Amino acid sequence: MIRFLVRRVLQGLLVIWFITLILFATFYIAPSNVAQTLGGRQATPQTIALINQRLGLDRPLYEQYLSFVGNALRGDLGYDYYKQIPVTQVIAEALPKTLSIAIGAAIIWLIIGVTNGVLSATRPRSFLDRGLTVFALFFYSMPTFLLGLLLLFFLYFQLTLAGVKIFPAGGFVPFSASPGQWLLHMILPWITVALVSAAAYTRLTRTSMLEVLGEDYIRTARSKGLSERRVVLRHGLRSGLTPVVTQFGIDVAGLVGGVIVTEQVFSIDGLGRTSVTAITQQDQPVIIGIALLGTVAVVVANILVDIAYAFLDPRVRLN
Amino acid sequence: MPLLEVDDLHVSFGTPDGVVRAVRGVSFSVDRGRTLGIVGESGSGKSVATQTIVGLTRGARVSGRATLDGENLLGADPDTLRRIRGAKIGMIFQDPLSSLHPYYKVGWQIVEMIRAHERGTSKSAARQRAVDLLDAVGIPSPRTRIDNYPHEFSGGMRQRVMIAMAMALNPAVLVADEPTTALDVTVQAQVLDVMRDLQREFGTAIILITHDLGVVADMADEVVVMYGGQVMERAERRDLFYRHHHPYTEGLLNSLPTSGRRGKLTPIAGTPPSMITPPPGCPFEPRCVHAMDRCREKPPTVEIPGGGPHTSACWLPVERAQRTKAEAS
């Protein structure tokens, strides 16, 4: 187990290093006009050269890369070109917003998806199963931005017009400032992200459970005279959840890099919205910082999923 | 009255291809301390028949009669059947690796079985009983093995665990569905011994489903030969091997290697019939070397005299059974 983990962590570090190379190549090789933007239209070539020098953009690419890696290893991701604050601080401000959306939505979609999947799998080809399949296909094919806008239109705009003001139009209130307001601001983004994923998880759980419920050990469980509820939940779901857990770990990690569309629709300055702004402004340190965070999250999630496997399936522990 | 009695059992399943008539009018019975062998090839309906009487064939259309100790099984509500499963009728299956849950320790699986039927039993008491059961089926150092997972046992040991679990509540009937098919030949005999010992100790009735006539010769008191969802022949073990009447039974015996006999084995030509459109008469008619026009009608149930209770579903003259006896001696 320890040897396995060490190997996985080393592999992960290799992946992260490789991603920094690609990120650097993508965002620094292209000609930059950051200095022009910062200097304004009136800037003389001298001013621009000075700005480039101060930002370190005049140095050879490999030197820039090496100093980036060196600083990153010390926890310094550079400065936001425009706000003149450390990228780590930019991330620290945006991350709680993204995490609020991601974690809340993940819990909702996991509960809806697994419940629906189990209901479908235990009554295959029934009216309920077909209904849930239609639900799944409907939301699975619905673009996130459309779902978000529809929610805003009906639950914010129409309700407010009707004099019932429950949900805000968007924005973010920290949990520490007001848990109630935080919740109200989060509900619509959560539903937006969760419904699309819940659809996918319904299908995933259904397929997995249908396979498991056909296993010999389920027949054994029934032959033992256990209640059907216990057969399905204790014996079936225990095995059926394994592929769901894998997917869940990776999906949640994917969201940590930013819930781009949903943050945009609900005007929440999370990592997604911040990185979109950074890309339009060619704010390389911010782009690379957020992308790096997303990479680390996915790598860590993969290792956590592997560890979770060992806890879920005793056969993995020995190998 | 026999302990478990099944009379004129019919089971069919609706499938997209049509109605599969898996069991068509099967009757058998078994008594305390006795072993009934049900023999037949894959798809003959032998597993479906036994799983139906305990309510394990979901979505099937069932008719006929089945009673355990006078209690009706086929019409019983699901909760009554659930209480009978495990407590009064224990079951073991072909592949002990896939039949035990891979994620739970074997002790946990046995304790779960006990506590599902005996709410009042404490966990520690159930665990002690699980240790005793593992000991009884011959698992060495059961006190430590109880905390092992199924994959940490060998095939034979796993099947012993399955037997221990199925016998945990001292059921009146043990249904063993191909219990030795997935095991090495040397291990097969050991597992059968374990079953026989438990039967002697507790007086359990055993229904042994198999396609292996060697296992039948070793274990069964009475034998039912099934083909195409119907009973072809039903006889005491001795009569089946030495005075069989039905050509299908004969075919099975001829495809069995015996020590001392020379020459090639004779397999039965052809393949089993479709269970969606079974032959109108005898299901074996299309493959039978003795087939005649009459065989396309519903076959009779002929009493074969001169031995134990013995019936055969074949038009051939009953003297045929005497002839095979003469050949055998």
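**Polar contacts across the interface of chain B and chain A.** In this predicted model, 16 residue pairs, both members at pLDDT 80 or more, are found in polar contact across the interface of chain B and chain A. On the side of chain B that touches chain A, two or more residues each come from β6 (89–92), α3 (96–99), α4 (106–117) and α7 (155–166) of chain B, and the largest share, six residues, is given by α4(B). Sorted by class, that side of chain B holds 14 nonpolar, eight polar and six charged residues.

**Salt bridges between the two chains.** Three salt bridges are found across the interface of chain B and chain A. One of them may be followed in the close-up, where A:Arg230 pairs with B:Glu112 and the closest N and O atoms lie 2.7 Å apart.

The contact draws 28 residues from chain B and 23 residues from chain A, and between them the chains bury about 2400 Å², of which 55% is on carbon and sulfur atoms. In chain B, the residues that lose the most area to chain A are B:His101, B:Tyr103 and B:Glu112, which together account for 27% of what that side buries.

B:Ser29 is placed in strand β2 (residues 18–30) of chain B, and it counts as buried because its relative accessibility is 14%, under the cut-off of 20%. Leaving aside residues up to four places away in sequence, B:Ser29 touches B:Pro2, B:Leu4, B:Glu5, B:Leu36, B:Glu222 and B:Arg234. With B:Arg234, the side chain of B:Ser29 makes a side-chain to side-chain polar contact at 3.2 Å.

Technical notes. Residues numbered from 1 in each chain as written. Chains lettered and ligands numbered in written order. Predicted model: local features only at pLDDT ≥ 70, side-chain atom pairs only at ≥ 80, totals over all residues. Heavy atoms only, no water. Contact = heavy atoms within 4.5 Å. Buried area = accessible area lost by both parts, 1.4 Å probe. Salt bridge = Lys/Arg side-chain N within 4 Å of Asp/Glu carboxyl O. Polar contact = N/O pair within 3.5 Å; in protein donor to acceptor, adjacent residues only side chain to side chain. Helix = DSSP H or I, 4+ residues; strand = E, 2+ residues; numbered from the N terminus. Nonpolar A, V, L, I, M, F, W, Y, C, P; charged D, E, K, R; others polar. Buried < 20%, exposed > 50% of the residue type's maximum accessible area, 1.4 Å probe, protein only.
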